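Have the viewer ready and follow along.

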Amino acid sequence: MEMTARRTEEKFQFNPHQYRGDFPILGEKVHGKQLIYLDNAATTQKPIQVIDAISDYYRHYNANVHRAIHKLGETATEAFENSRKTIARFISAPSEKQVIFTRGTTEAINLVASGWGRKFIGAGDEIILSEMEHHSNLIPWQLLAKEVGAKLKFIPFKEDGTIDFPVYETLLSSHTKLVTITHMSNVFGTINPVIRIVQMAHDRGIPVLFDAAQSVPHLPVNVEHLNCDFFAFSGHKMLGPTGIGILYAKSQILENMNPYQGGGEMISSVWFEEATWNEIPHKFEAGTPNIAGAIGMAKAVEYLENVGMVNLTLYEQELTTHGLEKMAEIPGMKIYGAAPERGGIISFNLGDIHPHDLSHFLDQQGIAVRAGHHCAQPVMRKLNIAATTRVSFYFYNTKEEIDSFVDQLKKAKEFFAY
Amino acid sequence: MEDLRDLYQEVILDHNKNPRNFHKMDRATKVLDSQNPLCGDHYTLFLLLEDDVIKDISFEGSGCAISKASASLMSSILKGKSRKEAEELFQLFHQVVTGEIDPVEHLEELGKLAAFAGVSEFPARVKCAILAWHTMHEALNEETDSFSTE
């Protein structure tokens with residue numbers, strides 16, 4: 001942090017080209033054009049260090065973890081458990097035992113709904129969500145609510161894509177058993193006021209879950225400082241491989257939770273009729289885990305630590321401001337969301353060009369963006385639109401790439417202005 | 001850009017901007033929902049069937065240029081066609097957009113529908129082009145309320 005403090009006093013400088021060479025895919029051509037990858041909220045590209053770490057595991061020490069009394073097994077177990085420590089350090093978790101490997105954010109949230117929700121949420125209880133949730137932080141709670149007879153309550157979002165905080169306060173009641181909300185919106189880029197959300201819930205003894213899929217890759221995060229009870233994120237949105245993610249939770253909560261899936265590894269002693277559970281975090285990790293995924297994710301974390309999360313955040317803010325300014329200059333541009341605290345995600349529509357036509361046009365120029373409802377159909381319905389086009393940045397993007405994208409938006413306007 | 005111009009032919013851009021038969025029909029004998037949940041394209045198709053003839057056809061809703069132009073052209077072409085003729089055109093159109101046949105050999109039957117020949121180059125857009133046609137096909141063949149390409 002001392003380094004950072006000194007740096008921000010000087011003129012802030014960040015050179016994405018220092019890192020771009022580590023990403024083989026950024027040299028690819030698409031339809032004969034240089035790839036410009038602006039779909040980072042969907043998934044990020046992988047540096048060679050991550051690709052090599054996964055390859056090294058399979059080439060040199062592939063073995064199952066926690067069982068074998070042989071050298072490879074020991075090496076694999078050590079690498080797997082060290083990955084857990086690295087990720088715990090990255091989010092400032094008090095102990096790596098609070099870091100559970102899952103398939104991703106979606107499974108982490110389902111784990112909480114199943115292992116904690118089924119045990120502690122019952123008929124008549126209420127769960128508070130926001131209207132801007134990704135389907136992954138909505139459907140698990142719909143399923144749970146239906147099963148146990150609980151109710152879902154929604155904090156509305158306002159025109160600018162921020163949550164209506166006063167309404168949140170009124171929704172909290174003696175029936176509320178959980179507040180579960182996104183840390184950063186995958187549609188608007190809004191960074192929600194997480195500290196205040198937690199404080200207000202904790203004043204009433206209510207635990208809080210953050211869907212951090214979009215925030216952890218882009219912001220310095222300290223779960224102790226946030227003081228949240230559950231925290232879920234994915235490896236593939238932060239330079240890591242797909243199929244690996246994390247659930248962090250407070251120790252006491254994890255101890256009191258029921259297991260998620262049953263099988264090997266999660267048990268202590270097993271009889272024909274019953275079994276006792278392994279210690280946390282293993283209690284929640286049934287079966288052979290995604291060993292290569294964990295190793296790859298930890299390598300991704302090390303890469304991000306090397307870039308420096310504060311630098312990365314500051315640079316992405318510059319990119320986002322640049323993108324917003326340039327895009328707003330185009331007549332007919334409608335940008336959804338204008339939160340003062342936001343990350344590098346911009347959803348928009350351009351005139352009456354359908355997002356699918358626009359993204360197809362951009363793809364022909366080698367520019368990858370996302371079009372559709374972004375797994376947030378209720379958000380689209382509330383905005384009274386079918387879909388948006390979305391660009392999302394990462395630290396390896398450049399202002400020049402954004403300028404090329406904006407130029408192509410102007411060309412698309414001409415093309416479709418029949 | 002040439003590839004894209006092949007896909008978005010003038011006739012497609014025109015039908016997207018000015019869709020034909022783009023309205024509700026109160027006297028319709030069949031009303032079907034047509035949607036692609038993946039991208040949010042959503043249309044309602046209205047058919048007036050009398051003695052196995054499509055007396056009138058219209059649609060409303062929203063979606064991309066390809067899906068809207070396809071629905072619009074389909075409505076123009078099928079008006080007055082028999083159930084059998086409509087079904088034959090559906091099969092032909094399906095084969096054209098999936099690249100199973102060479103449209104050049106069927107220019108006469110296809111007429112303006114030949115504009116969709118470029119779709120076969122873009123697998124992701126086949127669903128867009130075929131959406132309204134599938135709904136029509138369902139309407140003529142089965143007693144269902146809605147059709148989705150997913």
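The report below takes up aromatic pairs, charges over rings, and then cavities.

This is a predicted model, in which local features need pLDDT of at least 70, side-chain atom pairs count only at pLDDT 80 or more, and totals for chains, interfaces and linings use all residues. Residues are numbered from 1 along each chain as its sequence is written, chains are lettered from A and ligands numbered from 1 in the order in which they are written, and side-chain values use heavy atoms, without hydrogens and water.

**Aromatic pairs**

Over all chains, there are 29 aromatic pairs (rings of Phe, Tyr and Trp, the last by its six-membered ring, with centres within 6.5 Å; planes under 30 degrees apart are stacked, over 60 edge-to-face, and the rest tilted). Two of them share Phe395(A):

| Pair | Centre to centre | Angle between planes |
|---|---|---|
| Tyr19(A) and Phe395(A) | 5.7 Å | 85° |
| Phe23(A) and Phe395(A) | 6.1 Å | 70° |

Both pairs are edge-to-face. Tyr19(A) lies in helix α2 (residues 17–20) and Phe395(A) in the loop between β17 (388–392) and α15 (399–416), so their pair ties together parts of chain A that are 376 residues apart in sequence. Helices (H or I, at least four residues) and strands (E, at least two) are DSSP runs, numbered from the N terminus. Phe23(A) sits in the loop between α2 and β1 (29–30) of chain A, so its pair with Phe395(A) joins parts 372 residues apart in sequence.

Tyr19(A) is buried at 9% relative accessibility and Phe395(A) is buried at 0% (buried means under 20% relative accessible area, with a 1.4 Å probe and protein chains only). Phe23(A) is buried too.

**Charges over rings**

Arg196(A) lies over the face of Phe165(A), 4.0 Å from the ring centre, and Lys382(A) over that of Phe157(A), at 4.5 Å (NZ of Lys or CZ of Arg within 6 Å of the ring centre and within 35 degrees of the ring normal).

**Cavities**

There are 2 cavities of 30 Å³ or more (sets of points on a 1 Å grid over the protein atoms alone where a 1.4 Å probe fits but cannot get out; lining residues have an atom within 4 Å of a point).

How values were computed: Buried < 20%, exposed > 50% of the residue type's maximum accessible area, 1.4 Å probe, protein only. 1 Å grid on protein atoms, 1.4 Å probe; cavity = no way out; pocket = protein on both sides within 12 Å on 5 of 7 lines; lining within 4 Å. Points joined across faces, edges and corners; volume = space filled by probe spheres on them.
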